[in-house]
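Subject: Structure handover and findings

Hello,

Here is the structure we talked about, with its sequence. Please load it before reading on; my notes follow below.

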Amino acid sequence: MGSPLVKLIAQRVALGFLLLFAVSVLIFAGTQILPGDVAQSILGQSATPQAVANLREQLGLNQPAYVRYFDWLGGILTGDLGTALTTRQDIATTLLPRLWNTLFLAFWAAVVAVPLAILLGLLAVRYRNGPVDKAISGFALASTSVPEFFVGYLLVYFFAVKWQWFPPISTVYDSMPFWQKLQAIALPAAALTLVVLAHMMRMTRAAILNVMQSAYIETAELKGLRPLDIIRRHAFPNAIAPIVNVVMLNLAYLVVGVVVVEVIFVYPGMGQYLVDHVAKRDVPVVQAVGLIFAAVYITLNIVADIAAIAANPRLRHPK
Amino acid sequence: MARTPTKGRKDGPLLDIRNLRIEATVYPPGEQPRNVVLVDDVSLKLERGKVLGLIGESGAGKSTIGLSSMGFGRGGVRITGGEILLNGRDIRKGNTGDVRRLRGKEVCYVAQSAAAAFNPAHKLMDQVVEASVEHRVSSRAEAEKRAVEFFRKLSLPSPETIGDRYPHQVSGGQLQRVMTAMALCSEPDLIVFDEPTTALDVTTQIDVLAAIKEAIRDTHVAALYITHDLAVVAQVSDEIMVLRHGKLVEWGGTQQIIKEPRQEYTNALVSVHHIEHQEHAPGNKPLLSVKNVTASYGNSAIKVLKDVSVDIYPGQTLAVVGESGSGKSTLARAITGLLPPESGSVAFEDRTLANRLADRPRADLRELQMIYQMADVAMNPRQTVATIIGRPLEFYFKMRGRERDQRVAELLEKIEMGKGFADRYPAELSGGQKQRVCIARALAAKPKLIICDEVTSALDPLVANGILKLLLGLQKEEDVAYLFITHDLATVKSIADSIAVMYRGEVVRYGPKSQVLSPPFDDYTDLLLRSVPEMEIGWLEKAIQGRKMVGAGN
Amino acid sequence: MSFRSIPIGAAIGLLLTFLFLAAAIFAPWLAPFGKAQIVGDVWAPMSSTHWLGTDNIGRDLLSRIIFGARTTIFIAVLATMLSFTLGAVLGFTAAVVGGWFDMVMSRLVDLLMAIPTLIFGLVVLSVLPTTIVTLILVMGILDSTRVYRLARAVAVDINVMDFVEAARLRGEGTVWVIFREILPNALSPLISELGLRFIYAVLFLSALSFLGLGVQPPEADWGGMVKENKDGIVFGIGAALIPAAAIAALAISVNLVADWVLNRTTSLKGGRG
């Protein structure tokens, strides 16, 4: 492990923090772009002037935007996400269990989707241009064009209503036994898996194909190595970085896909929470949840970059 | 280097290919897949310990034949007919396991680009001994010992430790030798060398070539040596086989092929560099005068050009010769204004040219045209030949409609292509035709000087020869001067009036051709001249012995 | 070329895309019933009068699908046009001009792309009025980042090629370089991207409407219709699946066409093969 590698990774992490900071500014600014009075538009035209004035006071709208931003950022850094306008509840307290629920769902979806996508990607490469490959890429084309709710409701229609194998609504609560919890999230996890599977598979296929077409694979073949040894010794060490990259990018995608899937299955996660409060125009909640989603997304992207850097032999063994 | 030459189980030839036929399916985008025949009815015999050179232009099928001896086809390539007998058994009849056991054990391969052929993730030694260990030729320790011996034999630096390095930590010329060591390591009966020196600079090529030749001689391994360069193959081969379009043209002893070729095509390949050109003496007033030009990229302290001064006379050719990194292409960029010089000046006729391209008037731009190495990226693929040649006519002379079309037709005539090519797209032309269109585009501006940047180095020798002849003919007709940038001294000898030799950003030798090419030489020019392969058996040994310095690739 | 040379997948895609476009344009003449007209029972099954049955308050589902095509395609087309114009113009300019303009634009786009589009869209929509104009603007601007990246990358690649240098050496101006040298060569990836951006716009709009944050009632697009009818699913009524399937069918058709166009226009022989 040479120092340029450490330096590059440190740079990437620092850049990540910088990006996160810029994103917080952007999210804050995104809720300030409305021409006119935010309080008025939140409450609607029929609100009394007194109510509007109260809300202005509560939102701190009488202060300049940058002061409000730093107040907000300071709160977040100390774990205080503010108070919801509509329910008057502390956002952090409400959010935490929902964050766990969302991560629980995303985790199990990933546990199924990642190995399956890599396996199918390998199959597509192994039988390249054959019927298996064609079927897989046809499926990929179709599934990148299908909306999440189509997949979701198809699953509900057949597995929950017609055959009644799983509940149509994924209710989970803290005291629920683990096994029941898994059963409850089976359908949303399946929907999420289907949503990311095709994309991940396609990218895995491309990544492996790229490695398999390298001249050094031909060299290995001309040494008379066994196909399995070629893959294990020569393809795998070079394919691992692009595959980790693909997986991380798709996990990021999966975390976003969660929003719609949670609404379909009425799952008590962060996505559902976000959508409800966008409709109610509860700005503090939207800011907090938006920032958390963005943070998860950025972190996964940075991990993807670091994986690519760490696996590059030119950086690991400098001249 | 003790070696048992009796590993072969049978008498008779080591490799006996009979009536080989190889086909491939190509998938042009947006078209129906097509079947093409790459190799048609080719037979060859190779005795143990002998070297057979396979030579031909691109598309001759030489690499395909070489790989077929390992039962391998690249991409969708299929061996569809004939027999390939190696050590007496037909490898086409063997199953995949049989073929696998012969690869890396009985036959090994040395690729053109060793840089791509080594796995970037593993140390060199692990890759060099891999085949020996896999096929149980010897234990790993023995294989490593043998590898170090080969490293030493191939005069690689620090042979004991070079195996601990990763491929990207070693230079191109060295990697090529490591790859040769890798092929030798499992003590095969046959090695297929596929253009092993083509990607290298000439002064590096000569060392690698010598190392390969010595290794072949000392280990008594047989070899198929594939290349497009007849002079190179003449140094290492016992016999030479000339191929064209997948068919056999001529097969004979090296001496016979290069001295008494029986086929017309072989004769053309042998005499490819012979172009009659009468050297002109420099005139009294130069057309273009480069004075003390210094330049660098970005703000870096490394000067790519150092105090360069050369003159070009009207209607004459100045050849700028050097290896990669010598700064010869940068000189062209400085003259055209693409890379404004830091100091020094460029004068054209009586006026000094503006340093920056953007500051030059259109008339200056017109009189100085350029032709590139890669003709296919030098033309907009979305424009037809007529548009490509017609644009300078519109741009500089405001020609429109019939007048322009008329002139385009004349220019097509001049480059020996018919009117029928006017509405073709570049993708529909061959390599030589593309370069001709680029020449026509330059001529359309009626320039006084054309900069030719390696214009023939991407082309097959015969095609390149045609381009050179065309350029010389046009020079007589149009009285245009050339600044001819090249790494190929043979080209220089045939077309230049004066020569500038560049080395690491400096002009080390400059003057009329006859003077530059006659002794006494400075060390670098001597090395460069001695490194150019000559079609002469024994040239290699003489060249290695006689030189005063060693190439930079070591 | 002839119609025979169109592969079967692309032909199906073309046909369906054409049908959807026709439905969107001629909706009032094609639809058997009015958009908001209540004509039967709640969630009536498919019948000869109501080919696709009726919806959650007894409106004819087929008619609503036809009118919904109009809303969905109209908004998606405008958003795509906006994102394309914005992204392509800025991307090309950044590539050719370079310097600080390129730097500022590229960093800004990096920043915007660091937040998932749906999340940032939701954040912005939490304060903006939900009108069709807002939707088009938000979708168009957010999506233009992707077009910018592609356009810039493609243009940068072409910009360093010898034929562009040859044009510069000839003395050609920036306008000629962009429109005559770069654009014709950037067209085929851009056209295929146009298809993908349109699909993305359709899916994004549908997702927003499904979440209740896109097109508002009484106007209806396909995503909104899924939302209206989703409660039927648990009772085994598939009405919500029909608009969802329509979205999928439109997206797949356009995808097939885009794929084919990319393959065709990559040919450098002027389509002569």
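Just after α7(B), His220(B) takes a positive phi of about 55 degrees. This is a predicted model, so please read that angle and everything below as computed. Much of α7(B) is listed as buried, including Val202(B), Thr203(B), Thr204(B), Gln205(B), Ile206(B) and Asp207(B). Further along α7(B), Ala211(B), Ile212(B), Ala215(B) and Ile216(B) are among the buried residues too.

Next, strand β8 of chain B, residues 222–227. Six of its six residues are buried, so the strand is largely enclosed by the rest of the structure. Both faces are covered. Ala222(B), Leu224(B) and Ile226(B) are on one side. Ala223(B), Tyr225(B) and Thr227(B) are on the other.

What pairs with β8(B)? Strand β3 of chain B (residues 51–55) runs parallel to β8(B) and is joined to it by five bridges. In that pairing, Leu54(B) stands opposite Ile226(B). Strand β7 of chain B (residues 190–194) also runs parallel to β8(B), again with five bridges. There, Ile191(B) stands opposite Ala223(B).

Elsewhere in chain B is an open sheet of four strands. Its order is β12-β11-β14-β15, and the pairing is antiparallel. β12 (305–312) and β15 (351–352) stand at the edges with a single partner strand each, so one side of each has no neighbour in the sheet. β11(B), residues 288–295, is joined to β12(B) by five bridges. Val293(B) stands opposite Val308(B) of β12(B).

Chain B as a whole

Chain B holds 21 helices and 20 strands. Its radius of gyration is 26 Å, close to the 24 Å that the globule rule gives for 554 residues, so chain B is as compact as a globular protein of that length. Its C-alpha atoms fill a box of roughly 75 × 50 × 45 Å along the principal axes. Of the 554 residues, 47% count as buried. Take the chain B contacts between residues at least 6 apart in sequence: 70% of them join residues at least 24 apart.

Chains A and C

The chain A span is 83% helix and 0% strand, with its end C-alpha atoms 22 Å apart. The chain C span is 81% helix and 0% strand, with its ends 20 Å apart.

The unreviewed UniProt entry also annotates "transmembrane region" in chain C, at residues 6–30, 73–101, 113–142, 194–213 and 233–262. Residues 73–101 of chain C are 97% helix and 0% strand, with end C-alpha atoms 34 Å apart. Residues 194–213 of chain C are 85% helix and 0% strand, and their end C-alpha atoms lie 25 Å apart.

Is Leu196(C) buried or exposed? It is buried, with 21 other C-beta atoms within 10 Å. Leu196(C) belongs to helix α8 of chain C. Its C-alpha is 25 Å from that of Asn159(C), which is 37 residues away along the chain.

Interfaces

How many residues of chain C are in contact with chain A? The count is 37, and they meet 41 residues of chain A. On the chain C side, α5 (117–125), α8 (174–210) and α10 (241–266) each give two or more residues. α10(C) gives the most, with eight. By type, the chain C side divides into 30 nonpolar, six polar and one charged.

The contact between chains A and B takes 16 residues from chain A and 24 from chain B. On the chain A side, α9 (215–222), α10 (227–264) and α13 (313–316) each supply at least two residues. α9(A) gives the most, with five. The chain A side divides into six nonpolar, six polar and four charged residues.

Best wishes

Methods. Residues are numbered from 1 along each chain as its sequence is written. Chains are lettered from A and ligands numbered from 1 in the order in which they are written. This is a predicted model: local features need pLDDT of at least 70, side-chain atom pairs count only at pLDDT 80 or more; totals for chains, interfaces and linings use all residues. Two residues are in contact if their C-beta atoms, placed from the backbone, lie within 7 Å. Ala, Val, Leu, Ile, Met, Phe, Trp, Tyr, Cys and Pro count as nonpolar, Asp, Glu, Lys and Arg as charged, and the others, Gly among them, as polar. The radius of gyration is taken over C-alpha atoms; the globule rule is 2.2 Å times the number of residues to the power 0.38. A residue is buried if 20 or more other C-beta atoms lie within 10 Å of its own, exposed if 12 or fewer, and partly exposed in between; C-beta atoms are placed from the backbone. UniProt positions are given in the numbering used here, feature names are shortened, and annotations may be inferred rather than shown by experiment. Two strands pair if DSSP finds at least two bridges between them.
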